[in-house]
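Morning, everyone. Please have a look at the model on the screen, and I will then go through a few of its parts.

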Amino acid sequence: MTPMVDDVVASPRGSVARAPRVALAILTLINLLNYLDRYVVAAVAEALKRSPLHPSDAQIGLLQSGFIVVYMLVAPVFGALGDTRSRTRLIGWGIALWSVATALGGLAWSYLSLLGARALVGIGEAAYATIAPALLADLFPLRLRARAFAIFFAATPVGAALGYVLGGTVGAQFGWRAAFLVAGVPGLVLAVFAFLLHDPPRGAHDGAGVDATRPSGAAHATPTLGAASDVHARPRGWRAYTSLLRNRRYVVTVLGYAAYTFALGGIAWWMPAFLERVRGLSPIVATRNFGLMVVVTGFAGTFAGGWVADYFLRYSRQSYLWVAGLTTLAAVPLTVVAFSAAAPSAFWLSLTVAELLLFASTGPINSVVVDVVSPTMRASAMALNILAIHVLGDVPSPYLIGLISDRSSLQHAVMIIPIALLVGGVIWTVAAWSGPGARGSALAPVRGA
């Protein structure tokens, strides 16, 4: 075994050795910057509308949708590469590309040039989003994996919040162009750290630790929640995607994730504008208050969801799906109240609790995505997941909400968000109820998914 794997195996139960902790910290910090760069645009949306570019609401939404279209289309390419090539090098070059592209957005001379810069950001971020979770899964055993994913994905709300706050503050003081420049430059430093990370063998904690890039490795590994055990029998490259489509539990998980992403994409993109336009807050107050709420609920919800899901894994192999499904369903009535309540106190209280519940599913559901497939197909699984959740999720939602807003009002447009949450919560809950070991205590691997 590699030194990193030995460190984990030799550590006392419940602890994480130093080397994986350091890698987790670096990957989490990069993930924070990933979402900061992604949501800085939402923070300056109203400033963009007042600029000479003068985009409509639909065009503002298209900046996010266009970014995600490129992001999801390129993801399968990096998924195939990530299962066979050096993951740390691919991650490093991806970070460098998205950082430069973010800064270039501040130099845009027209709406189309800004849209093109955001498309380049999508290419760089696709490399990271497909490969980093697969790398992370090989650093930690199953009993610690949901918690590791919870820490990693806690950077999502923090990064998004920093994007809102940084974009709103810098944009108000120095203009929207400066916000893009300030957001893009730090990524070049983190790209260097990514190149220095160790790339462990594929499936290091799922049996024999077979690395897909080394055919001479052991022939068998034991996947955790239902993938086939013979890693050499698993298809690689583009054939892996057709195999994933035959994995029923993987497909159901991703469909629920798509509905969930539709809702969160709409909230993340339009909430600063909603607070300014519907609630009457200033740009700085709107981005600051929403950003602080996202930080608090993101940290608390993401960490709690990961720990709770790991705890209940001893009682049900479907613990991760149960946590994701039930918390999402509980958030549905709260979002309805948040978008329709006239009183500011009712809005903030209901939205805060709803966000807390929604973030609880982040770690568990991403763990499910990589746990129901062979270890040598995890990057491909994340890539296909990214493609599906964005095609069906936050590609259409920002644009659709903007389109409805142009024809009626933003307050009416956001009411499609709780409908999407209801769909996602129902799919995950039904999948948890019908899955193997849903109500039993056996934790043996499930074969033949």
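First, a term: helices here are DSSP runs of H or I with at least four residues, strands are runs of E with at least two, and both are numbered from the N terminus. By that rule, I417 belongs to helix α19, residues 416–434.

Before going on, some notes on the source. This is a predicted model, where local features need pLDDT of at least 70 and side-chain atom pairs count only at pLDDT 80 or more, while totals for chains, interfaces and linings use all residues. Residues are numbered from 1 along each chain as its sequence is written, and side-chain values use heavy atoms, with hydrogens and water left out.

Back to I417. Is I417 buried or exposed? Buried means under 20% relative accessible area, exposed means over 50%, and partly exposed is in between, with a 1.4 Å probe and protein chains only. I417 has a relative accessible area of 0%, so it counts as buried.

Next, the aromatic rings. Rings of Phe, Tyr and Trp (for Trp, the six-membered ring) pair if their centres lie within 6.5 Å; planes under 30 degrees apart are stacked, over 60 edge-to-face, and the rest tilted. The structure has 17 such pairs. One of them is F274 with F347, which is stacked, at 6.0 Å centre to centre and 25° between the planes. This pair links distant parts of the chain: F274 is in helix α11 (residues 248–277) and F347 in helix α14 (residues 344–359), 73 residues apart. F274 and F347 are both buried. Together with F339 and W348, they form one aromatic cluster.

A ring can also have a charge over it, if NZ of Lys or CZ of Arg is within 6 Å of the ring centre and within 35 degrees of the ring normal. Here the charged end of R118 sits over the ring of F67, 5.9 Å from its centre.

Last, helix α5, residues 87–105, which contains L104. The expected span of a helix is 1.5 Å times one less than its number of residues. With 19 residues, α5 reaches 27 Å from its first C-alpha to its last, close to the 27 Å expected. Of those 19 residues, 14 are buried, so the helix is mostly covered. What about L104? Its relative accessible area is 40%, and therefore L104 is partly exposed. L104 and G116 are twelve residues apart in sequence, and their C-alpha atoms are 9.6 Å apart in space.
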